[in-house]
Structures are given as structure tokens and as C-alpha cells.
Amino acid sequence: MTQSDILLTEAPGPAAPPVRRRRRRPLAAIPYVIIGVYVLAAAIGPFLIDYDPVATEVTERLLPPGSATGSGTAWLGTDAVGRDVLAQVVYGARTSFIIGIAVVTVCCLIGVALGAIAGYSGGLPDAVVSRTIDILMAFPGILLAIVIAGLLERGMHVVIIALSVGGWVGFARLSRSITMSTRERDWVDAARIMGVSKPATLKRHIVPFLAGSVVALATIELASAVLSEAALSFLGLGLPPHIVSWGQAIAGGREHLSTAWWITVFPGIALTILVICIGLVGDRLTRRFTRKRD
Amino acid sequence: MTYFIVKRLAIGLLTIWGVVTAVFIVVRLAPGDQATVALGPDASAAEIEALRHTLGLDRPLLVQYFSYLGDVVRLDFGESYRFGRPAMDQVIERFPATVELTLAATVIAIIAGLILGVLAGKKPGSVLDRAVSTFALGLQALPPFWVGIMFILIFALQLQVLPSAGGGSLANLVLPAVTLSIPFTALVARMTRSGVAETMSEAFVQTARSKGLTETQVLTGHVVKNSLIPVVTVVGLQVGTLLGGAVIIETVFAWPGLGSLLVSAVGNRDYAVVQAATVLIALCVIVLNLAADIVNAKLDPRIRLEARR
């Protein structure tokens with residue numbers, strides 16, 4: 001069962017009773033705070049830390065964390081060609097956010113549009129969309145991404161396309177199923193009787209009810225997009241060498257694992273903490289919008 | 001039931017066609033065709049043209065597409081330019097290692113996931129439940145390739161108890177299998193947890209308790225059995241994700257399977273091997289999904305009926 005299945009099990013009704021306010025748990029804010037720190041680092045970090053991904057400083061290679069270098073202290077050490085690991089972590093956060101958010105936006109727009117149209121009109125459009133979903137669900141998305149990103153020209157846009165090809169399916173499935181149940185509600189009938197056009201009905205009376213579940217799914221998909229991007233760059237596919245990414249940094253440190261563990265460990269920790277925090281937030285949103293407490 | 005199987009088979013065939021077509025399109029969009037890649041950068045224009053003619057790359061795209069579809073039906077993907085032998089042979093040779101790895105990971109995931117799931121589900125809302133559930137959520141979010149490298153760092157380089165790369169022996173299997181099983185352990189644990197938590201409130205559990213059975217007897221004899229079957233079938237449906245994960249994990253541990261072959265073929269633009277490997281993976285996923293679907297439908301009549309609509 002994937003996250004979209006959990007969201008599908010119980011589509012939210014329009015008049016969901018306000019959830020009883022639970023006892024405030026101060027710990028619950030932690031993931032949000034951590035994500036905030038990452039966003040801040042990704043947004044303003046590159047202005048504070050100077051980093052040239054293609055520059056090499058042979059005298060300062062493989063320095064352990066805390067060593068003094070020509071340009072200050074390397075708090076997280078340096079890599080095999082003398083580049084600062086902390087700077088790689090900060091610049092990598094920016095890459096992860098850009099690609100992650102772009103992938104989720106593309107997937108969300110395509111998925112919600114196709115899912116809502118398929119669910120509302122039924123018939124041939126529904127059949128086409130549903131069969132496409134079946135095909136894409138059966139084949140592992142990361143494999144498709146590996147083939148696309150590996151064979152085409154390198155570039156950020158190619159990675160975004162490669163990850164989006166399989167990523168919209170979850171959004172489409174979710175939107176289709178909620179649309180199909182919302183379509184039968186009274187206010188949609190009322191709109192139809194009053195002569196509101198189909199596109200307007202979809203936009204005004206159906207799509208707003210998708211919002212909550214779609215936001216929950218988008219959070220989960222953001223985590224998986226960040227993870228997939230790191231996996232692709234780890235395999236050396238997709239991003240060109242001048243774009244800093246956590247996956248690339250992790251792969252770069254593999255050869256020096258026995259002598260310079262910090263090159264691999266720190267970018268990996270950065271990736272893991274971010275993905276776990278996004279996952280926690282997504283899980284909370286999912287539970288909230290399915291009104292299924294467990 | 002026949003209708004259900006036929007429908008599933010049709011979707012399976014459609015999926016293979018979709019994968020084959022997608023890979024065909026990507027290969028044609030890629031910079032440098034088979035001929036340029038095979039001959040290398042030093043080849044003259046005339047040589048490339050000659051090979052293009054031999055491979056049929058100078059024909060119209062649609063003709064190429066249909067002749068390619070014909071080749072796929074005969075499972076003939078041409079020769080790998082790197083190894084100079086049929087791509088399908090190459091792929092089939094690597095296949096058993098991948099099966100071994102995924103099977104081992106599945107077994108680990110089911111055993112560990114069941115234990116965690118039962119621990120959490122037997123008292124929903126308890127401290128243990130919250131701890132296990134959070135732990136499972138964390139497991140699911142771990143980047144498998146990085147965890148694999150950390151395992152190498154700890155167990156192969158620091159403690160030197162397990163080999164870091166290669167295949168063949170049981171010791172080689174441990175680290176990749178455990179790494180690959182992590183997200184599925186989390187999945188099985190979460191599913192078992194909700195299954196057990198639901199079953200705990202059933203009347204027959206109360207009956208079992210009032211018979212005087214101990215809590216352990218109630219759990220093993222009545223609760224776990226009832227939450228086991230859906231877990232196994234849904235794991236069958238996850239085989240695609242498992243194979244996708246295996247591709248990355250095999251590369252980390254230099255495991256001589258289909259995945260590491262596919263990644264190196266993509267990196268070297270060995271189109272024949274890329275096509276053969278993707279089709280074989282798609283076939284596996286479809287056959288296993290079909291099997292899981294049929295088992296599921298046999299157990300749960302609601303699924304059969306839904307397929308009719």
C-alpha cells in the first residue's frame with residue numbers, strides 16, 4: 001500500500017467536522033523547524049558561503065572536519081580535490097529543493113488535471129487515463145528515470161522530466177477517485193441544472209475539494225522526489241558535474257571511505273534528516289485529511 | 001474469475017508495450033545512435049553510415065519501430081556492442097543473482113516487519129506502538145544507497161566482519177539484502193500494525209481471551225494468522241518497487257545482477273542491453289503482480305466483483 005492508497009481509502013467530505021483540538025505537543029513542531037532551517041540554508045546559504053564546484057585545491061584535499069584551510073575553517077572537512085564539504089551540503093540543499101519542488105509542481109498540475117477530467121467525464125477520457133495509470137503503476141518509476149536521465153543530454157530539466165514521467169500517477173489516481181465521488185453530490189447537480197459549464201463546474205465545485213488530500217500527497221511526493229534525485233546523481237546519471245548535489249557528493253566519497261568518511265557521511269545525514277522530516281509532516285497531513293487516526 | 005485474469009493479462013501486455021515504446025522513444029531522442037556509439041569517436045562518416053545501414057537505422061522511424069516491435073516479440077534485442085554477444089543472453093545470465101537478492105530481502109522484510117508490526121499493533125496507542133510506528137516511518141525515509149555505504153563503512157571497513165562488494169557467497173549477500181529490505185520492512189510493519197490493531201477488537205479475539213488463552217497464544221493463534229495473508233499478497237504487488245531498489249543497491253555493492261548491468265549499460269549507451277533488461281524487468285513485475293492479484297482475488301471476492309465494473 002502506497003501513500004496514495006491510504007489517501008484513497010477515505011475521501012474527505014465537504015463538511016468535515018472540525019477536528020477536536022488535541023493536547024499541544026511541543027515535539028510536534030520539530031520537523032517544521034528543521035525543514036525551515038533547510039529552506040533558509042538553501043535560500044541564503046549560497047550567498048554567505050563561497051563555493052566553486054570546479055575549483056580544486058590539491059594541497060587541501062581530504063582534510064578532516066575542523067581543519068584550517070586557506071579560505072577559513074572546513075567544519076565538515078574537505079573532499080578528494082580539496083572542496084569544502086559543508087559548502088557541498090548547503091549548495092546540495094538548494095539543488096534538492098529546486099528539483100524536488102519542480103517535480104512535485106509538474107506532477108501535481110498534470111496529475112490533478114488528468115485525474116479530475118477523467119473522474120468527471122468518465123467514458124473514453126477516463127479509460128485512456130486509467131490505462132496509462134495502470135501501465136505506469138506496473139513499472140518502477142525509478143527505472144524509467146534511470147533510463148531517461150541516463151540516455152538523454154545531461155541537465156536539470158532532464159532530471160525533472162525523468163522524475164515526473166512516473167510521478168504524476170499518484171496525483172491522478174487520487175484526484176480521479178475524489179472527483180468521482182464529489183461528482184455525485186447535490187451542489188454539483190445544482191450547478192449543472194443552473195447551466196454552469198463543465199470546465200467551470202470542475203474548477204469551482206470539484207477541484208477545491210481535492211486541495212487537502214493533494215497537499216498531503218505532494219508532501220510525500222516531495223520526499224520521494226528528493227530521494228530519487230539523490231539516487232540518480234549518486235549513480236552519476238542526470239545532473240551535469242558542475243551542479244552540486246548530495247547524491248554526487250556521496251558517490252564522490254565512496255573511493256575514500258576508509259580514510260575520509262566525512263565526505264560521504266555528512267551529505268548523507270543532510271539528505272536523511274530532510275527526507276525523514278518531510279515524511280513526518282506528510283504522514284501527519286495524510287492522517288488529518290483522511291480523518292483516520294491510528 | 002476468467003474475466004478478471006484476462007483483464008489483468010491485457011493490462012500486462014499493454015504495460016510491456018508501453019515500456020518498450022517509451023524506451024524506443026528515449027533511445028531515438030538520445031544524442032548519438034547505436035552506430036556512432038559502437039564505432040567510437042574515431043570512426044569516419046562513411047563507416048558510421050555503413051553500420052547505420054546494416055543496423056537499419058537509415059529507415060523511416062515508423063518502419064524501425066514496427067521491426068523493433070517484431071524483434072521484441074521474438075525476444076531478439078540484437079548484440080551488445082561492449083560484449084559482442086546477444087544482449088538477451090547477457091541479461092538472462094545476470095538474472096539469477098537479482099532473484100537471489102530480492103528473495104532474500106523479501107524474507108528479511110516479512111520476518112522483521114511482522115515482528116515489529118505485531119509489537120506495535122497489539123496495544124494500539126501505547127508507548128511501544130508509537131515508538132515502533134515512528135521507527136518504521138524513519139526506516140521508510142532512509143536513502144537506501146547511503147545506508148548501504150554506511151553498512152560498508154561499519155561492517156566491512158571498521159569491524160571487517162563482512163565483505164563490502166561482489167557476489168557468490170552467503171556473506172556477500174547479507175549487507176545488500178538487509179539494505180534492500182529496509183523500506184519493505186517498514187512497509188510490512190505498518191501494514192501488519194494496522195491489521196493487528198483492527199483484529200484485536202474482533203469478537204473472536206475476546207472469545208479466545210475468555211477461553212483462558214494467554215495473550216501470546218491469542219496473538220500467535222488468532223490475531224497474526226488473520227493479518228498475515230493480506231501482507232503477503234501486497235508484498236507481491238510491491239515487487240516493482242523492490243526491483244527498482246535492487247538496481248541501485250546492486251550498484252552500491254557491485255552485486256553481479258541485472259540492476260548493476262542495467263546501470264552500466266545506461267552509462268555506456270549500450271542500447272541493446274538497456275532494452276533487453278527493461279523488458280525482462282517489466283515481464284517479471286507483470287507476472288508477479290498477476291500472481292499476487294490472483295491470490296488476492298481468490299481470497300477476497302470483493303476484488304473479483306470490482307473488476308467487473
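Here is a friendly walk through a predicted model with two chains, starting with each chain and then turning to where they meet. Residues are numbered from 1 along each chain as its sequence is written, while chains are lettered from A and ligands numbered from 1 in the order in which they are written. Because the model is predicted, local features need pLDDT of at least 70 and side-chain atom pairs count only at pLDDT 80 or more, whereas totals for chains, interfaces and linings use all residues.

Let us begin with chain A. Its secondary structure holds 11 helices and 2 strands, where helices (H or I, at least four residues) and strands (E, at least two) are DSSP runs, numbered from the N terminus. Of the 294 residues in chain A, 49% are buried. A residue is called buried if 20 or more other C-beta atoms lie within 10 Å of its own, exposed if 12 or fewer, and partly exposed in between, with C-beta atoms placed from the backbone. Among the contacts in chain A with a separation of 6 or more, 73% join residues 24 or more positions apart. Here two residues are in contact if their C-beta atoms, placed from the backbone, lie within 7 Å.

In an unreviewed entry, the annotation "transmembrane region" covers residues 29–49, 97–120, 132–152, 158–175, 206–239 and 259–282. Such positions are given in the numbering used here, with feature names shortened, and annotations may be inferred rather than shown by experiment. Take residues 97–120 of chain A as one example: the span is 100% helix and 0% strand, and its end C-alpha atoms lie 33 Å apart. For residues 259–282 of chain A, the end C-alpha atoms lie 38 Å apart, and the span is 88% helix and 0% strand. The unreviewed UniProt entry also gives "domain: ABC transmembrane type-1" for residues 93–282 of chain A. That span is 81% helix and 0% strand, with its end C-alpha atoms 19 Å apart.

Now for chain B. Its secondary structure comes to 14 helices and 2 strands, and 42% of its 309 residues count as buried. Along the principal axes, the C-alpha atoms of chain B fill a box of roughly 85 × 60 × 30 Å. In chain B, residues 24 or more positions apart account for 72% of the contacts with a separation of 6 or more.

In the first, helix α7 (residues 144–158) and helix α8 (residues 170–199) of chain B have axes that come within 9 Å and cross at roughly 145°. Axes are lines fitted to C-alpha atoms, for helices over the stretch in contact, and angles run from 0 to 180 degrees between N-to-C directions. Residues from α7(B), including Phe151(B) and Phe155(B), meet residues of α8(B), including Leu175(B) and Pro183(B). This contact of α7(B) with α8(B) has 9 nonpolar, 2 polar and no charged residues; Ala, Val, Leu, Ile, Met, Phe, Trp, Tyr, Cys and Pro count as nonpolar, Asp, Glu, Lys and Arg as charged, and the others, Gly among them, as polar.

The second detail is Arg85(B), which lies in strand β2 (residues 85–86) of chain B. Why does Arg85(B) count as exposed? The reason is that Arg85(B) has 12 C-beta neighbours inside 10 Å. Leaving out residues up to four places away in sequence, Arg85(B) touches Glu79(B), Ser80(B) and Gln90(B).

Finally, let us bring the chains together. The contact takes 40 residues from chain A and 46 residues from chain B. On the side of chain A that touches chain B, the elements giving two or more residues are α4 (123–138), α5 (141–151), α9 (211–234) and α11 (262–290). The largest share of that side, 9 residues, comes from α11(A). By class, the side of chain A that touches chain B has 27 nonpolar, 7 polar and 6 charged residues.One pairing to look for joins α11(A) with helix α6 (residues 127–141) of chain B, packed at an angle of about 125° with their axes 9 Å apart. The two helices α11(A) and α6(B) are therefore oblique to each other, a word for angles that are not under 35 degrees (roughly parallel), over 145 (roughly antiparallel) or 65 to 115 (roughly perpendicular). Among the residues making this contact are Gly279(A) of α11(A) and Gly138(B) of α6(B).
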